[in-house]
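Visitor: I'd like to learn how to read the features of a model like this one. Could you walk me through it?

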Amino acid sequence: MNGPGTNGAAERAPEGWRDLSRFIPWLLGFCVLLVLPWLAVNPYQNYLLNVILINVILAVGLNIVKGFAGQVTVGHIALAAIGAYTSAILSVKFGLPFWLALPAATLVTGLAGALVGIPAFRLEGAYLALATLGLAESVRIFISATDYVGASIGFSDIPPPMLAGKPLGSHIAYYYVVMPVALVGIYLSFCILRSDIGRAFKALREDSLAAAAAGINVRKYKLLAFVISAFYAGCAGSLTAHMSPGFLNPNSYTITEMVTLLLMVVLGGIGHIWGGVIGAVLVTIINDLTVDFYQYRLAIFGMIIVLTVLYMPRGIGGVIDRHFATKRFIALRKAKASVNA
Amino acid sequence: MLEVTNLSKRFGGLVAVANVDLSVRQGEIRGIIGPNGSGKSTLFNLISSVYKPEPGSRIAFDGEDITGRPPHDIARRGIARTFQLLRIFTQMSVLENLLIGHHSHVRYGVGAAVVGAARVWAEERRLKQEMMDLLGFVGLADYAEMAAGELSIGQRRLLALGRAMAMRPKLLMLDEPAAGLSPVNVDKLLNTVMALQKRFGLTLVIIEHILKVVMESCDTVTVLDHGEKIAEGPPAAIKDDHRVIEAYLGKEMADAEVRAFLKAS
Ligand SMILES: Nc1ncnc2c1ncn2[C@@H]1O[C@H](COP(=O)(O)OP(=O)(O)OP(=O)(O)O)[C@@H](O)[C@H]1O
Ligand SMILES: [Mg+2]
């Protein structure tokens with residue numbers, strides 16, 4: 001029998017395989033990450049590993065709105081604060097377990113992201129940066145002045161996640177909460193950005209007028225970019241809150257932290273997913289090695305951002321891309337030469 | 001199909017388009033000509049809702065009033081346009097440019113895309129295949145993966161045309177599609193446009209400075225000057241209209257000699 005039905009099934013089979021094989025590198029990555037914390041020589045390194053992963057989530061989210069959709073926002077750090085404090089309030093004041101506080105904080109931050117996105121309907125570039133900076137600072141100042149969340153003293157005793165009646169208080173245990181979330185976050189950002197949504201983001205970054213003329217609802221996609229990136233920020237914020245010692249302070253959400261976050265994305269590569277991840281890892285480590293120079297950080301990181309934009313506009317990700325493109329080109333030329341010979 | 005009535009646009013004191021009426025039939029090829037700054041591009045920008053027209057203007061498409069609708073809505077209804085300065089996405093690949101044009105026809109939603117559902121990947125493969133076919137039609141298939149910014153000017157014009165065609169429009173508005181091309185390339189582009197028009201039964205509105213293009217291809221020609229419609233009719237009649245010749249050359253030059261030259265061209 002050679003009916004159309006059998007034919008169709010034969011065609012579908014390899015496609016199914018292609019879809020499955022997409023997951024193989026992710027599974028391999030997951031396995032490597034499973035053993036990673038056991039390479040750490042002390043608990044501090046485990047703590048640092050968690051901070052790196054949380055920053056990866058933040059940077060991947062920021063890359064969506066800034067790198068792909070081209071919206072110059074300086075409000076991302078405030079969204080992380082909203083996620084962190086929402087999660088803290090829900091678990092400390094309302095007794096919600098971490099496993100509910102995390103998604104709830106993510107959702108609330110998504111809504112806050114929509115509010116940050118509304119100025120983007122009318123403003124662009126430096127004006128948008130100023131507007132979002134204003135929003136971000138008011139969030140921080142509000143937290144600093146609100147006794148309910150510990151004001152400028154800080155919010156303490158936020159409980160760690162519980163699993164089967166046991167707290168995941170140690171850094172190594174917490175790693176197994178943070179790591180899967182970070183990996184899923186990166187994977188989802190691939191799904192989003194490799195789809196039509198990612199293309200629409202890039203189109204409005206490059207020329208929103210031409211994008212609109214091609215049928216893209218500019219407002220909808222700007223808002224979507226802000227909301228998606230806010231989900232990431234909220235999730236990262238919540239993960240920060242419940243990490244031991246379970247303490248939050250408004251001073252962790254200042255302009256210095258925002259510039260640090262920007263540096264991750266700019267140095268890693270604007271609009272390059274892995275670039276953003278690499279940037280987050282590098283900058284977090286640099287950050288940790290230079291804690292003693294915190295007061296100079298704003299100046300130094302700001303300068304590195306300017307230098308990167310001037311001399312390496314597509315960041316580390318861009319350099320890697322070019323390296324591979326050159327390799328492919330050389331291989332192609334060799335293949336052609338051998339055909340001619 | 002397109003009914004424009006009493007369309008006006010002012011920029012400060014300057015009247016860029018003044019009380020223009022325009023009616024384009026289904027399947028027609030309409031030429032728009034006029035000297036520099038006569039309001040041709042502004043007319044397109046008003047129809048595609050890039051600019052907001054003055055009160056009292058009315059634009060209807062397929063019998064529906066679309067005045068003041070947002071640009072993406074106009075595009076979704078089947079009006080595609082190219083820009084005089086092209087505005088292709090230079091940092092994206094040639095194929096991606098077409099995929100952007102095809103945005104309104106993507107058959108999966110945000111939710112499916114976010115979780116990377118299998119049908120999203122299947123649909124992406126279908127979209128890419130369809131757009132590769134279209135790229136073949138405009139003669140850019142070999143450049144699919146190249147950044148659009150690396151294309152030559154002629155290829156860019158083809159890409160702008162391809163991106164508009166990817167929208168599967170009913171009405172296609174081309175703003176000087178052949179400007180800056182060598183005569184050979186003008187013919188090539190024109191042949192492509194006409195082949196597309198026939199194949200998809202498009203309604204075409206073309207702004208063009210190259211008179212040969214207008215005279216040979218258009219059913220009707222509309223002439224603008226200082227934002228006003230000064231003449232309309234079949235190309236042969238327009239060519240002899242004294243107001244048109246005056247508009248192009250100024251009164252004093254519109255003598256018999258020039259007229260003869262225009263006729264010969
Ligand atoms: N955004 C704008 N702001 C102010 N004035 C404008 C704007 N757009 C167009 N104009 C003016 O409106 C008039 C008509 O311009 P338009 O671009 O429509 O002319 P055109 O017929 O397309 O000319 P060309 O043949 O040079 O393309 C010109 O005087 C132009 O300077
Ligand atoms: Mg023009």
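Visitor: How many nonpolar, polar and charged residues does the shell around ligand 1 have?

Guide: Good place to begin, and keep in mind that this model is predicted. The shell around ligand 1 has 5 nonpolar, 8 polar and 2 charged residues. Among the elements of chain B, α1(B) gives the most to that shell, with 3 residues.

Visitor: Which residues are the closest to ligand 1?

Guide: Of the 15 residues that surround ligand 1, the closest are Gly37(B), Lys40(B), Ser41(B), Thr42(B) and Gln84(B). For Gly37(B), a backbone N or O atom lies 2.9 Å from an oxygen atom of the ligand. His209(B) places a polar side-chain atom 3.0 Å from an oxygen atom of ligand 1. The protein covers 65% of the 630 Å² of accessible area that the ligand has on its own.

Visitor: Now the two chains. What area is buried between chain A and chain B?

Guide: The size of an interface is often given as the accessible area lost when the parts come together. Here about 2,800 Å² is buried between the chains, and carbon and sulfur atoms give 61% of this. Arg199(A), Glu206(A) and Leu209(A) supply 22% of the area that chain A buries against chain B, more than any other three residues.

Visitor: How many salt bridges are there between chain A and chain B?

Guide: The count is 3 salt bridges. In one salt bridge, the side chains of Lys202(A) and Glu96(B) meet at 2.7 Å, N to O. As for elements, α8(A) provides the largest share of the side of chain A that touches chain B, 8 residues.

Technical notes: Residues are numbered from 1 along each chain as its sequence is written. Chains are lettered from A and ligands numbered from 1 in the order in which they are written. This is a predicted model: local features need pLDDT of at least 70, side-chain atom pairs count only at pLDDT 80 or more; totals for chains, interfaces and linings use all residues. Side-chain values use heavy atoms; hydrogens and water are left out. Buried area is the accessible area (1.4 Å probe) that two parts lose on being put together, summed over both. A salt bridge is a side-chain nitrogen of Lys or Arg within 4 Å of a carboxyl oxygen of Asp or Glu. Helices (H or I, at least four residues) and strands (E, at least two) are DSSP runs, numbered from the N terminus. A residue is near a molecule or strand if one of its heavy atoms lies within 4 Å of it. A polar contact is a pair of N or O atoms within 3.5 Å; within protein, one must be able to donate a hydrogen and the other to accept it, and residues adjacent in sequence count only if both atoms are side-chain atoms. Accessible areas come from the Shrake-Rupley method with a 1.4 Å probe; for residues, only the protein chains shown count as cover. Ala, Val, Leu, Ile, Met, Phe, Trp, Tyr, Cys and Pro count as nonpolar, Asp, Glu, Lys and Arg as charged, and the others, Gly among them, as polar.
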